[in-house]
Protein chains: 2
Amino acid sequence: MFYLIGLGLGDAKDITVKGLEVIKQCSRVYLEAYTSILTVGKDALEKYYGRELILADRDMVEQEADEILKGADVSDVAFLVVGDPFGATTHSDLVLRAVNAGIKYRVIHNASILNAVGCCGLQLYNFGETVSIVFWTDSWKPESFYDKIKKNRDMGMHTLCLLDIKVKEQSMENLMRGRKVYEPPRFMSVAQAAEQLLEVVQNRRERAEEPAITENTVCVGLARVGADDQAVRAGSLHEMAACDLGAPLHSMIITGRLHPLEVDMLKLFSSPEGLSGLKMTDSSTYVS
Amino acid sequence: MFYLIGLGLGDAKDITVKGLEVIKQCSRVYLEAYTSILTVGKDALEKYYGRELILADRDMVEQEADEILKGADVSDVAFLVVGDPFGATTHSDLVLRAVNAGIKYRVIHNASILNAVGCCGLQLYNFGETVSIVFWTDSWKPESFYDKIKKNRDMGMHTLCLLDIKVKEQSMENLMRGRKVYEPPRFMSVAQAAEQLLEVVQNRRERAEEPAITENTVCVGLARVGADDQAVRAGSLHEMAACDLGAPLHSMIITGRLHPLEVDMLKLFSSPEGLSGLKMTDSSTYVS
């Protein structure tokens, strides 16, 4: 059996009892290590599980998938993913390969950031399409995430922004020279995401577009959701650009139309002035 | 400390190790029993946890919240929720009451249907707003869910439909007579949801509206997601209306624009004809 097991979001003990039992019985256990991270590393997980883990980076999952699946028809192999196993495309690919090779598979689900963001008090069914915000470079500054946020806000929906992760990336020079030297991992902070978003807002103003988002739009910054030291901050986009929520991973929400109960929850995570951009609409909901 | 603990979606062992440890140390443990269900009941959970659970129905959570929170400032009290704790509004309400009473709280997340539906191979970031489909009565047949699905499809997004649950409902007669006699629990099946949706499609045709959804629109029916006997079926809306996916809980997805990899995954859960409604668009994605 090939098991895809979610690890949840915090530390080693956020795995489910079922998932832990499976890990202990498998012949090989892979740890996917490029789409997300826990607050603890491979060593802590190995210690807690009492067994060795094989680190699976993007290259291995994309190029050596058959190696990962090898023998899973006669013994048990597990593939561990931070959060829930179905956040990233490549894991569908593993499932398809398993099925084509006649290998049975099973999924052991866990929390993912997509539902755990509910901890800030925004209702999950009020979220529109999730967007990704990538690190801009000097020559590549895509703005498509802004248009998706705008579309969601036009419908009154909140937007969860997943922030970029760069793990095992090569510099252009090392890539061209074929040197397997990797840059240090980078994780986008809420402040960095907010700055990029403010830059897009500014660009749109210069094109005389009606701004769908302003410096006063109420946002929520989240860090290490599900961990003991998780941090949640609600406030204006302007505030987000200046906040320091500490170690990764970070996510950011741009709010849409807010129900009074959602506003009450956001107050738990806000300074008194943080929500001053909110205005009540005719139907007794709030927008900013 | 007041703990909100997600139980995940399958059975007793889908709780996280962290959640289980907390349950064992609490002075009182409540089990929320009206927004969702596991494949096992209270007895099985009590046996597995080795302790008594207090069943919390809607009345108790809405009217006796202070009773639930009592003493949580000096000892530990847990409130267990199927899936993740932040699916339903009332749980924000519990958090706000706790904070107002000076009681600290913590959330232990778990899988919810909102992320576990990824098991069918549809990409989670291609989902728009989640909708609820409620049981129609002879005199009350709301169609608003259709318009939300249409809006999502217009943008190419998939729609997760959460299907109605009626637990501890009173008949109109018993309600008026003040008799605390409850109807048997009811859980909407994929077939029932598909039938209601087809009826709306028919109504819109009679009003000469361009149909956003037809009998051939590709849908996914899911039952008992995360459990050993989970069932996933992909096919036309027409097929969904005739399928029997067995015991609750059920959910249904109305697809939007499909990536080829999503189509490959859906084929795992479909008859050869099941996806015949799909047509390729110019950009090499599929719609139905």
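This is a predicted model: local features need pLDDT of at least 70, side-chain atom pairs count only at pLDDT 80 or more; totals for chains, interfaces and linings use all residues.
Local features need pLDDT of at least 70, side-chain atom pairs count only at pLDDT 80 or more, and totals for chains, interfaces and linings use all residues, while side-chain values use heavy atoms, with hydrogens and water left out.

**Stop 1: the two domains of chain A**

Select residues 2-111 of chain A for domain 1 and 114-287 for domain 2; these bounds come from an automatic or database domain assignment. Their centres, taken over C-alpha atoms, are 29 Å apart. Domain 1 of chain A brings 12 residues to the contact and domain 2 of chain A brings 13, where contact means heavy atoms within 4.5 Å.

Together the two domains bury about 850 Å², and carbon and sulfur atoms give 60% of that. Buried area is the accessible area (1.4 Å probe) that two parts lose on being put together, summed over both. Now pick A:Leu9, A:Ile37 and A:Thr39: in domain 1 of chain A they lose the most area to domain 2, together 42% of what that side buries.

If you look for salt bridges between these domains, the count is 0. A salt bridge here is a side-chain nitrogen of Lys or Arg within 4 Å of a carboxyl oxygen of Asp or Glu.

**Stop 2: where chain A meets chain B**

Next, show both chains. Each of them, chain A and chain B, gives 50 residues to the contact, and about 4,300 Å² is buried between them, 60% of it on carbon and sulfur atoms. On the chain A side, click on A:Val17, A:Lys18 and A:His109, which lose the most area to chain B, together 13% of what that side buries.

**Stop 3: links across the chains**

The interface of chain A and chain B holds 8 salt bridges. For one of them, zoom in on B:Glu21 and A:Lys13, whose side chains meet at 3.1 Å, N to O.

Finally, colour the elements of chain A that give two or more residues to this side: helix H1 (17-25), helix H5 (89-100), strand E5 (105-108), helix H6 (113-116) and helix H11 (260-267). Helices (H or I, at least four residues) and strands (E, at least two) are DSSP runs, numbered from the N terminus. H5(A) gives the largest share, 5 residues.

Key:
Residues are numbered from 1 along each chain as its sequence is written. Chains are lettered from A and ligands numbered from 1 in the order in which they are written.
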